[in-house]
Amino acid sequence: MPSYESEKLQETLLDLMRSREREKQLRDENTAILSGIAAMAGANNKRQVFNSLLSVLRKYIGFEHALVLTREDETTPLQELVTTCRFFESSIWPVGDTFTRSMNGASIALFAPRQVYEFKDLPDEMLYFCQSVLLIGVKVSSGDALLMFFHSQKGQFSPDCQRVLERFRPLLERAIIDIDYRERLQSLVTARTQELTHSQKRFKDFAKTVGDWFWEIDPDYRFTYISSPNLANHTIDHSNMLRAFGEHGDFAEKLKAKLEAEEAFEDLEWQFEDHGQIVWFSISGTPFFNKQGTFLGFRGTAKDITSRKQQIFELQQARQQAESANKAKSQFLAMMSHEIRTPLNAVLGLLDMLGSSGLDNKQMSWINQMDQSAQLLLTIINDILDLSRIESGSFELYYDKMSLSDCVDLVVTQLQEQATKKHIRFNTTIKSDVPDAIVGDKNRISQVLFNLVGNAIKFTNEGSVNVDIHRDGKQLKIEVSDTGIGIAPEAQKILFNPFIQADGSITRKYGGTGLGLAISQHLIQKMQGEINLRSVTGKGSCFTVTIPLKESPQNDKHRMCMPQDKQSLVPLNILVAEDSPTNQLVAKLMLEKRGHQVTIVSNGQQVVDMVPLCLAEFDLILMDISMPVMDGIQATKALRDSGIITPIIALTANVMQADQEEYLRAGMNDFIPKPIIAKDLEMVLARYQTITSLSAQC
């Protein structure tokens, strides 16, 4: 019995000793863990954290080198995070069953690493250190991590080493998480630092390229930063921004006003003379504030804009030269138009007189051919003049109340004879929903109709030409269709280009300059409309014009009743002021043929000189514009200033709308263009014959 109790006592004492040893071991391990945590807390980088961890583990595990591997997801291999051996730096490891088990929580000791999948393909310099391997996996926020210990001798890691790792797992996790966090933070800092460095370099390069000042001032306008004291040889030698520009008084006042307003400003310009050269600067700035909204000053730039100013000046000069060239071109064409129209007036007038002088049929056919050629020449002059004005930008539309039916009637009157000669049916239709009174440029709408209908008749040998006008909402649609030769698809693409015909044979067979459609398209576009074409070769074409419909209130004024019987119109006593002897003869013959009494003078001064004598005896004055001594406009103004109310009709080859408006402002009552067309002359004279007839009746 005593012997049994003695054995029992010995076992109890042994357990007590073991318990005290475990307690001491745990106390030492806890002390080591706390020491390691304290060391890691004071570490400045991942290397110091790693060394603090290893200094704790070396007391319990005999290893030569250590390595931490990480990966972000399960599809990627493991990469070196930190290591004590240079051969393992930047190494990449495949993931097999061994690493997977370890990352799932197991601590593993390898006694023959060469036979393990993850180690078999390692280079010899790495395998040298891998005769014994101890590894354990931990979880980090970014993914998986693996801690490995190496020894160059076999059998160095016992099961006790595995148990140490398990007991120290919290410390391992804390250390590796800290290392991973510091690595990521360091990578982020490095990336941001590189970006900042690149941005600074980029900013400096840009600053050198643009040649700007970069400046900053405080609320008292003192410079707190300036990138360079020199800009284009101009030196800033004052600490206060306003004093720096004090010698430029006007600019300094403008700058002060901008700064005192505490508002952003851009491109405030000033100039000064430097060694005989004018230098221009531009300054821009914006205010900046703290988080509490307190004004802290201005930041901005200043740049040398001398070259830009020079470029602007050169561009302005080039534009002025181009405008002058266009103006000279327009003036030249206007002058040429006038010079050609003046003799053409004599040609057409004398042809008209010759045609009524009792010629035989053969002679009349010659006269008709000559008249058609002269009319064609007049059309060409008008087209070239219109195109030139459009291209130079001096072309304008003149909107007013107009009658659409009058435009159509005018075109029909002028072109019906051509259609009749070719035995072509010429039909016009205006739908009832189209208002007759609209707002538009009557002359230009008539011109477009004349071009389209004239082409349709020209290129149609049999069948018909139709003009259909209808309303489409707020648009006016004009369709001109024919049964003529049609236009090939490839020719349609270039048909609206100036001087272009459908093909070369068209020009030879039908004549024409190819300007009509180009001018028509310009006119329609100027009216905010469009023109389209549908055509089939051999079957005909259809041009569709679409323009905005602007209705006009019906004019309540009663139209003057025109006598239907020409015999009831009284002859007029007409004074003609014309400097050209040939045109004097033409005017005299045309007027006397119609029963009027004609008196001829050679310039405007002679007309004015007749005021105190017999000017009141005349019923009408036909006044040429371009005359020596005194032109028609000056003469008209002088007559109106003298109280003369006799109607004055401008008789001139200057046919632009602006010219006509000038004649009306000078006091003229009407306008007859040269060459004088018999129908135009009769229409104008009939108005004043009617007035004279009504006055006589009263």
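## A loop residue with positive phi: His423

His423 lies in the loop that connects helix H11 (404-421) with strand S15 (425-430). In this predicted model, the phi angle of His423 is positive, at about 55°, although the residue is not a glycine. His423 is exposed, because its relative accessible area of 71% is over the 50% cut-off.

## The chain as a whole

The chain contains 20 helices and 25 strands. Of its 698 residues, 42% are buried. The chain exposes about 38,800 Å², and carbon and sulfur atoms supply 52% of that area.

Contacts can also be viewed by separation along the sequence. Among those in the chain between residues at least 6 apart, 62% join residues at least 24 apart.

## Two further backbone features

Tyr221 is another residue other than glycine with a positive phi, here near 70°. Its place is the loop between strand S7 (212-217) and strand S8 (223-226). Tyr221 counts as buried, because its relative accessible area is 16% and the cut-off for burial is under 20%.

A cis peptide bond is present between Lys674 and Pro675, with omega at about -5°. Pro675 belongs to the loop between strand S25 (670-673) and helix H20 (678-697).

## A six-stranded open sheet

Six strands form an open sheet in the order S3-S2-S1-S6-S5-S4, and their pairing is antiparallel. Strand S3 (92-93) and strand S4 (107-110) stand at the edges; each has a single partner strand, so one side of each has no neighbour in the sheet.

Strand S5 (residues 132-140) includes Leu134. With a relative accessibility of 0%, Leu134 counts as buried. Beyond its neighbours within four places in sequence, Leu134 is in contact with Ile61, Ile108, Ala109, Leu147, Met148, Phe149, Phe157, Cys161, Gln162 and Leu165. The C-alpha atoms of Leu134 and Leu165 are separated by 9.3 Å, and the two residues are 31 residues apart along the chain.

Helix H5 (residues 159-167) has Cys161, Val164 and Leu165 as its buried residues. When the helix is seen down its axis, these residues fall within an arc of 100°, so they line one face of H5. Cys161 and Leu165 are buried residues of this helix, and both are among the contacts of Leu134.

## A nonpolar patch on the surface

On the surface, a nonpolar patch is formed by Phe332, Met335, Met336, Ile340 and Leu377. Together these residues have about 410 Å² of accessible area. Helix H9 (residues 306-355) gives the most to the patch, contributing four residues.

Met335 is one of the patch residues and is located in helix H9. Met335 counts as partly exposed, because its relative accessibility is 43%, a value between the 20% and 50% cut-offs.

Technical notes:
Residues numbered from 1 in each chain as written. Predicted model: local features only at pLDDT ≥ 70, side-chain atom pairs only at ≥ 80, totals over all residues. Heavy atoms only, no water. Buried < 20%, exposed > 50% of the residue type's maximum accessible area, 1.4 Å probe, protein only. Helix = DSSP H or I, 4+ residues; strand = E, 2+ residues; numbered from the N terminus. Arc of directions from axis to C-beta. Patch = residues over 30% accessible without salt bridge, like charges linked within 9 Å, V, L, I, M, F, W, Y side chains within 5 Å. Areas by Shrake-Rupley, 256 points an atom, 1.4 Å probe, with all protein chains shown as cover. Salt bridge = Lys/Arg side-chain N within 4 Å of Asp/Glu carboxyl O. Contact = heavy atoms within 4.5 Å. Pairing = 2+ DSSP bridges.
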